Amino acid sequence: MHNLFLGELRHHCVSIWGIKTAESRGKEPARMSLQTPEMQQAALERIVSGLRRGTESAVAAVRKDYLEAMLAYNSVPVPQANPTKRQYASALMRWVASRTNGIGSLRVPPVMPDVADHFHLPTPPDASDTPTSTSIFSSTVLEAIRSDIRNIYMPTWLPKPPRNLGSAGHGKLKADQWRTACTVNMVVTLGRLWGRPSATREEKDALKNFMHLVAAVELATRRSMTPERAMMFDEHMQEYLRGLRSLYDAKLVPNHHLSLHLLECLLLFGPTHGWWAFPFERYNGLLQRLNTNNRPEDMPKTFMRYFYIGAALRWIMTDDAWPEEPEFQEMVAAFKAAAQDVARGTRVVDFLSFHTEVGDPTAHRSGGQQRDLDRTTYDALLSLINSGGESRQVYASRYERLESDLPFLPHAAEYMPSINHLGITLACSEHSKRNSFILFRNDLGALVTGQIKEIICHTRLSHGETIAETFLVVDEFMPLSKAHAPLDPFRPFPDVYVWLCYNRLRGIDNVVRLNNVVSHFAAYIYTPDEIGEECIVVKSLDRV
């Protein structure tokens with residue numbers, strides 16, 4: 001875990017992009033008009049013509065990015081910090097006049113192969129000494145990431161990174177915080193900034209390189225592993241490392257070398273959560289906070305005793321069916337509040353691995369209100385229950401008075417604001433918006449993006465046995481049209497599992513069993529200029 005979350009993600013942000021110093025760097029320059037290779041060649045020729053005629057004003061009339069490239073390509077000393085175009089032109093004039101061959105000594109930089117809004121050299125001089133972040137990861141980009149951290153919807157089990165990300169004020173970030181910041185927040189922000197058509201070539205290349213890293217990390221840290229998934233991880237990691245060398249001329253570090261050996265480990269040992277060092281790191285933290293009373297010889301015995309006490313208590317509190325009396329329910333709620341951080345961040349992976357029945361229809365719930373189902377929900381629930389699956393009884397509709405020996409499906413249910421399912425909170429949008437965005441499988445097995453409208457606990461009789469089952473009433477987000485789908489800036493990165501939908505719902509209620517819920521998703525709402533309609537960024541949080 002530390003190899004990927006700290007050795008790769010953190011290293012990229014800190015050492016490659018210089019996130020810790022981005023705040024002190026100036027705002028990124030305003031975008032200029034796009035320049036074709038022919039327009040670039042014409043601008044360079046105007047500089048040469050002005051120098052040949054000795055007309056400083058003609059040289060200074062050319063755009064500043066061309067003047068900067070001309071000076072850098074000929075190693076002409078920059079006259080001062082943040083010079084003007086006139087100062088660039090004057091420096092070039094003096095340099096040409098000082099050369100024996102005059103204008104014949106001037107080397108003209110090659111044009112860029114693609115259309116770009118900023119002209120630059122193909123390989124900047126001293127690239128290894130000057131972080132690329134000075135031109136790409138600017139203070140403007142950092143501020144956009146911080147703003148999106150404040151506005152993005154993430155479920156409660158996924159801790160948000162600090163709002164002042166990149167500042168020394170937040171202290172040392174944990175590996176899990178770097179994971180969330182890079183695989184969720186930066187994916188959303190950089191995707192919408194650097195993935196749009198108006199982005200520069202440098203920005204698009206930097207985004208593609210970063211997305212290779214994110215895809216590799218996500219593939220390697222899922223709860224299931226196949227040979228195909230392991231090979232995909234290795235391909236993304238190799239592409240990422242090639243990009244580091246070609247884009248940033250960065251020196252590879254031992255963690256990069258180690259990551260190339262993970263393929264063999266994944267094929268031999270399977271999912272990383274079964275053999276990574278995170279549990280040991282956590283227990284190291286517990287040991288450090290343990291009060292030893294200056295009696296270190298008793299520490300192993302004390303630690304083991306309280307470990308077993310805690311395990312036994314958690315088993316009793318979660319497996320026993322406690323009475324509905326307020327006193328017992330208050331006790332259960334107090335225990336959950338005290339142990340609520342068990343299912344947060346990376347620990348969700350370890351927590352879920354102990355549940356063999358992922359589709360268990362039961363869920364912890366409280367504070368419900370009994371009322372009749374509306375007709376649409378009732379008909380959808382009846383169809384779902386009668387469609388088979390776990391049902392052992394077929395029911396008739398109470399709204400259709402047909403001659404039948406079938407029992408009527410009860411039309412009342414308990415409406416819940418939220419439930420706790422396998423340690424994760426699912427909630428109605430009106431109760432907790434951040435816990436209401438989910439991905440689920442429909443009747444055809446297709447993955448659907450939706451938002452929970454209602455949560456119902458329905459009770460029925462099946463051959464004399466009482467069955468209480470929890471269902472979600474979910475509305476779907478509208479997918480992009482065929483005309484807008486190619487404009488999705490996240491579309492080129494399918495292995496990162498992020499995409500755009502319109503920020504409007506179909507208005508069709510889906511009744512969903514809990515075992516058809518795939519995961520939460522992180523949601524960010526904005527209006528892409530190219531689409532011209534409010535959209536929602538869907539970043540899957542599925543770790544299976």
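Here are some notes on the charged side chains in this predicted model.

1. Ground rules. Residue numbers start from 1 along each chain as its sequence is written, and side-chain values use heavy atoms, with hydrogens and water left out. As this is a predicted model, local features need pLDDT of at least 70 and side-chain atom pairs count only at pLDDT 80 or more, while totals for chains, interfaces and linings use all residues.

2. The tally. There are 16 salt bridges, a salt bridge being a side-chain nitrogen of Lys or Arg within 4 Å of a carboxyl oxygen of Asp or Glu. A few of them deserve a look of their own.

3. Arg86 and Glu56. The closest N and O atoms of this salt bridge are 3.6 Å apart. Arg86 sits in helix H5 (residues 85-98) and Glu56 in helix H3 (residues 56-60), so to speak two distant parts of the chain, 30 residues apart; helices (H or I, at least four residues) and strands (E, at least two) are DSSP runs, numbered from the N terminus. Arg86 has 45% relative accessibility and is partly exposed, and Glu56 is partly exposed too, at 27%. For these words, buried means under 20% relative accessible area, exposed over 50%, and partly exposed in between (1.4 Å probe, protein chains only).

4. Glu218 and Lys539. Here the closest N and O atoms are 2.9 Å apart. Glu218 is buried at 13% relative accessible area, and Lys539 is buried at 0%.

5. Arg371 and Glu454. This salt bridge comes in at 3.8 Å, N to O. With Arg371 in strand E2 (residues 369-372) and Glu454 in strand E7 (residues 447-462), the pair ties together parts 83 residues apart in sequence. Arg371 is partly exposed at 35%, whereas Glu454 is buried at 19%.

6. A negative patch. Glu324, Glu325, Glu327 and Glu330 gather in a surface patch of negative charge. Patch residues have over 30% relative accessible area and no salt bridge, with like charges joined within 9 Å; the place of a Glu charge is taken as CD. Glu330 lies in helix H14 (residues 326-338) and is exposed, at 57% relative accessibility.

Note on methods:
Patches are made of residues with over 30% relative accessible area and no salt bridge: like charges are joined within 9 Å, nonpolar side chains (Val, Leu, Ile, Met, Phe, Trp, Tyr) within 5 Å. Accessible areas come from the Shrake-Rupley method with a 1.4 Å probe; for residues, only the protein chains shown count as cover. Lys and Arg count as positive and Asp and Glu as negative; His and the chain ends are not counted.
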